[in-house]
Amino acid sequence: MNEELIYQVLETVGEIPKGCVATYKQIACLIGREKNSRLVGKILANASYYGHYPCHRVVNFQGRLVPGWFEQKELLEKEGITFKDNHHVDLKKHQWKIKIIFNHI
């Protein structure tokens, strides 16, 4: 996998503020690879090889937590994230709002 792409994803994830979450699709769009949500997930699954990143702040498009990663919910709760149910973040309240500015030449 391309190291530059890996660091683009990880740097973007590092920008997610405490108390917010982003979706895999949102991260993919922010790095200009709208159709690569699954690739973002694959990169994040191996993020610990590259350092410490707040990967717990990334959820799927429905706000669902990563299956089997039990610490994720605890980490998010410590940041004040609320949940619709046991496995879904309340995206309406906590999704990272970021403005993307496109420069057209």
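**Exercise 1. The buried side of helix 4**

Determine which strands are included in what covers the buried residues of helix 4 in this predicted model.

*Solution.* Begin with the cover itself: strand 2, strand 3 and strand 4 (88-89) are among the elements that lie over the buried residues of helix 4. Next, identify the residues being covered, namely Gln-72, Lys-73 and Leu-76. Around the helix axis they span an arc of only 95 degrees, which places them on the same side of helix 4.

**Exercise 2. Lys-73 and its surroundings**

Decide whether Lys-73 counts as buried or exposed, and find the residues with which Lys-73 is in contact, leaving aside neighbours within four places in sequence.

*Solution.* Locate the residue first: Lys-73 belongs to helix 4. Its relative accessibility is 17%, and since buried means under 20%, Lys-73 counts as buried. Once neighbours within four places in sequence are set aside, the contacts of Lys-73 are Leu-65, Phe-83, Asp-85 and Asn-86. Asp-85 is part of strand 3 and, at 39% relative accessibility, counts as partly exposed. Two C-alpha distances complete the description. Lys-73 and Arg-57 are 9.6 Å apart in space with a separation of 16 residues in sequence. Asp-85 and Arg-64 are 9.5 Å apart in space with a separation of 21 residues in sequence.

**Exercise 3. Salt bridges**

How many salt bridges does the count come to, and where do Glu-79 and Arg-57 lie?

*Solution.* With a cut-off of 4 Å between side-chain nitrogen and carboxyl oxygen, the count comes to two salt bridges.

Step 1. Glu-79 and Arg-57 form a salt bridge through their side chains, at 2.9 Å from N to O. Glu-79 is located in the loop between helix 4 (71-78) and strand 3 (83-85), and Arg-57 in the loop between helix 3 and strand 2 (58-59); the pair therefore ties together parts that are 22 residues apart in sequence. Arg-57 is buried, its relative accessible area being 7%.

Step 2. Lys-78 and Glu-74 form a salt bridge at 3.5 Å from N to O. These two residues are four residues apart in helix 4, so about one helical turn separates them. This spacing can be set beside a general rule: an α-helix has 3.6 residues a turn, so residues three or four places apart point the same way. As to accessibility, Lys-78 counts as exposed at 64%, whereas Glu-74 counts as partly exposed at 45%.

**Exercise 4. Helix 1 against helix 3**

At what angle do helix 1 and helix 3 pack, and which residues make the contact?

*Solution.* Two packed helices are described by the angle between their axes and the distance between the axes. Here helix 1 (residues 3-14) and helix 3 (residues 37-45) pack at about 85 degrees, and their axes are 10 Å apart. Angles of 65 to 115 degrees count as roughly perpendicular, so helix 1 and helix 3 are roughly perpendicular to each other. On the side of helix 1, the contact is made by Leu-5, Ile-6, Val-9, Leu-10 and Val-13, and on the side of helix 3 by Leu-39, Val-40, Ile-43 and Leu-44. Sorted by class, the contact consists of nine nonpolar residues, with no polar and no charged ones.

**Exercise 5. The two faces of helix 3**

Which residues of helix 3 are buried, and which exposed residues are carried by the face turned away from the buried side?

*Solution.* The buried residues of helix 3 include Val-40, Ile-43 and Leu-44. Viewed down the axis, the buried residues fall within an arc of 95 degrees and so line one face of helix 3. Their packing partners are helix 1, helix 2 (24-30) and strand 2. The face turned away from the buried side carries Arg-38, Lys-42 and Ala-45, which are exposed.

Key: Residues numbered from 1 in each chain as written. Predicted model: local features only at pLDDT ≥ 70, side-chain atom pairs only at ≥ 80, totals over all residues. Heavy atoms only, no water. Axes fitted to C-alpha atoms, helices over the stretch in contact; angles between N-to-C directions. Parallel < 35°, antiparallel > 145°, perpendicular 65-115°, else oblique. Contact = heavy atoms within 4.5 Å. Nonpolar A, V, L, I, M, F, W, Y, C, P; charged D, E, K, R; others polar. Buried < 20%, exposed > 50% of the residue type's maximum accessible area, 1.4 Å probe, protein only. Arc of directions from axis to C-beta.
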